[in-house]
Structures are given as structure tokens and as C-alpha cells.
Amino acid sequence: QNMSSTVKNILIVVGVLLLIGIFFISPYNTMVSKDETVKKYWNNVETQYQRRYELIPNLINTVKGVANFERGVLEAVTQARSSVGSMKIDPNNLTPENIQKFEAAQSQMSSALSRLLVVSEQYPQLRATESFRDLQAQLEGTENRIGKARDDFNGAIQEYNTYIRKFPNNITAGLFGFAQKEGFKSEKGAEKAPKVQF
């Protein structure tokens with residue numbers, strides 16, 4: 001009688017532990033993994049923007065060599081680059097406000113670069129130089145990689161958010177502080193934005 005009571009108690013404890021594992025431990029570990037994936041993709045986004053950031057001094061130096069190139073355009077690119085250079089976000093602090101600030105600075109950089117490339121159309125001697133054409137090709141490739149990195153980041157966030165909102169995962173998420181995250185949003189009018197030809 002005593003032995004079967006002990007076995008019964010052990011089975012109850014094991015059952016309770018299994019339930020805890022099913023409802024809390026496994027979802028918790030999955031949430032940690034998905035959160036780390038979001039951080040990894042954020043680092044990829046920053047890497048691609050950093051690549052663009054590093055191309056800009058060469059572009060400016062190449063353009064400066066052309067007589068009468070519009071100074072205001074170069075100053076806008078330089079100012080935007082300075083603003084972007086001071087904008088780093090810790091992957092552990094991906095708040096909507098921080099992502100919005102980051103995106104605003106990067107958008108300003110994109111706009112300044114687009115303007116520079118549009119103005120460069122008026123300088124055939126600049127467009128004829130091999131170094132300028134090479135920099136344009138590198139910028140175009142970087143812009144494509146930035147777009148891909150942003151898409152991957154948004155995909156990781158969607159997967160994370162979907163997982164933490166499902167029942168019973170939402171209980172575990174609430175207990176352990178896993179909050180929904182926001183990714184990049186399309187800019188207003190982006191669907192109608194003119195395409196800059198390199």
C-alpha cells in the first residue's frame with residue numbers, strides 16, 4: 001500500500017513537471033531562439049547599412065574632382081552620413097522609437113544619395129569615369145542587400161510575434177517579459193517612389 005502510494009506520488013510529480021515543461025520551458029526556449037534570430041537579422045541590417053556608409057567617402061571624393069559640381073548636394077550627403085554614423089542600436093534595445101530614429105536617419109541618407117546620383121546625370125565627364133561607374137555599381141548592389149536584410153529582419157520579427165501571441169505561448173511570454181517587436185515599415189508613398197537608375 002505504502003509502495004503504490006509512493007509510486008503514485010512520483011507519477012503525479014513527474015506529470016506536473018511534464019506539464020510545466022510543455023507549457024513553460026519548451027515555449028520559453030523557443031522564444032529565446034526566435035529573439036536571438038531577430039537580433040542576428042538586425043546585425044545583418046546594420047552590416048549592410050555600414051557597407052553603404054563606408055562607400056560614401058569614395059563617392060564624395062570622386063564627385064569632388066568634377067568642376068562646378070553642386071556643393072549643396074555634397075554637403076547634404078556629408079551631413080546625412082554624419083547623422084547615420086552616430087546612429088547605432090543595441091540589438092537588445094530594438095524599441096519602435098529606436099528603429100524609427102534609425103530608419104529616419106537612413107532614409108535621409110538614401111534621399112541625399114539619390115539626389116547626388118540624379119545631379120550626376122548632368123555631368124557626362126563624371127559618368128564616364130571608371131571609378132564613378134564602379135561606385136554606382138557597388139551602391140546599387142548594397143541597396144539590394146539592404147532591402148534583402150530588411151525583409152529578412154521583418155520576417156524574423158513576424159515569426160517571433162506570431163509565436164508569442166499563440167496560446168498557451170502568450171502566457172509564457174507574459175510571465176517572462178517577451179513583448180511584441182516592430183520591424184521596418186514602408187515609407188508613406190514608397191509604393192509610388194521614383195526609381196533612381198544607376
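1. Basis. The model is predicted, with local features needing pLDDT of at least 70 and side-chain atom pairs counting only at pLDDT 80 or more, while totals for chains, interfaces and linings use all residues. Residues are numbered from 1 along each chain as its sequence is written, and side-chain values use heavy atoms, leaving out hydrogens and water.

2. H2 against H3. Helix H2 spans residues 71-85 and helix H3 residues 96-120. Helices here are DSSP runs (H or I, at least four residues), numbered from the N terminus. The two axes come within 9 Å and cross at roughly 155°. That makes H2 roughly antiparallel to H3 (angles over 145 degrees). Axes are lines fitted to C-alpha atoms over the stretch in contact, and angles run from 0 to 180 degrees between N-to-C directions. The crossing is left-handed (near helix turned anticlockwise from the far one by less than a right angle).

3. The H2–H3 contact. Contact means heavy atoms within 4.5 Å. From H2, the contributors include Gly-72, Val-73, Ala-76, Val-77 and Ala-80. From H3, they include Ala-105, Met-109, Ala-112, Leu-113 and Leu-116. The contact residues divide into 12 nonpolar, four polar and two charged. In this scheme Ala, Val, Leu, Ile, Met, Phe, Trp, Tyr, Cys and Pro are nonpolar, Asp, Glu, Lys and Arg are charged, and the others, Gly among them, are polar.

4. H6. This helix covers residues 169-176, and its buried residues are Asn-169, Thr-172 and Ala-173. Down the axis of H6 they fall within an arc of 100°, so they line one face. The arc is taken from the directions from the helix axis to the C-beta atoms. Gly-174 and Leu-175 are exposed, on the face turned away from the buried side. Buried is under 20% relative accessible area and exposed over 50% (1.4 Å probe, protein chains only).

5. Backbone around H6. Pro-168 sits in the loop between H5 (130-165) and H6. A cis peptide bond joins Phe-167 to Pro-168, with omega about 5°. Just after H6, Gly-177 has a positive phi of about 75°. Most residues other than glycine have a negative phi, and most peptide bonds are trans.

6. Gln-48. It lies in helix H1 (residues 2-64). At 15% relative accessibility, Gln-48 counts as buried. Beyond neighbours within four places in sequence, Gln-48 contacts Thr-142, Arg-145, Ile-146 and Ala-149.

7. Arg-150. This residue belongs to H5. Setting aside residues up to four places away, Arg-150 touches Val-45, Tyr-49, Glu-103, Phe-184 and Lys-185.

Key
Helices (H or I, at least four residues) and strands (E, at least two) are DSSP runs, numbered from the N terminus. Angles under 35 degrees count as roughly parallel, over 145 as roughly antiparallel, 65 to 115 as roughly perpendicular and the rest as oblique.
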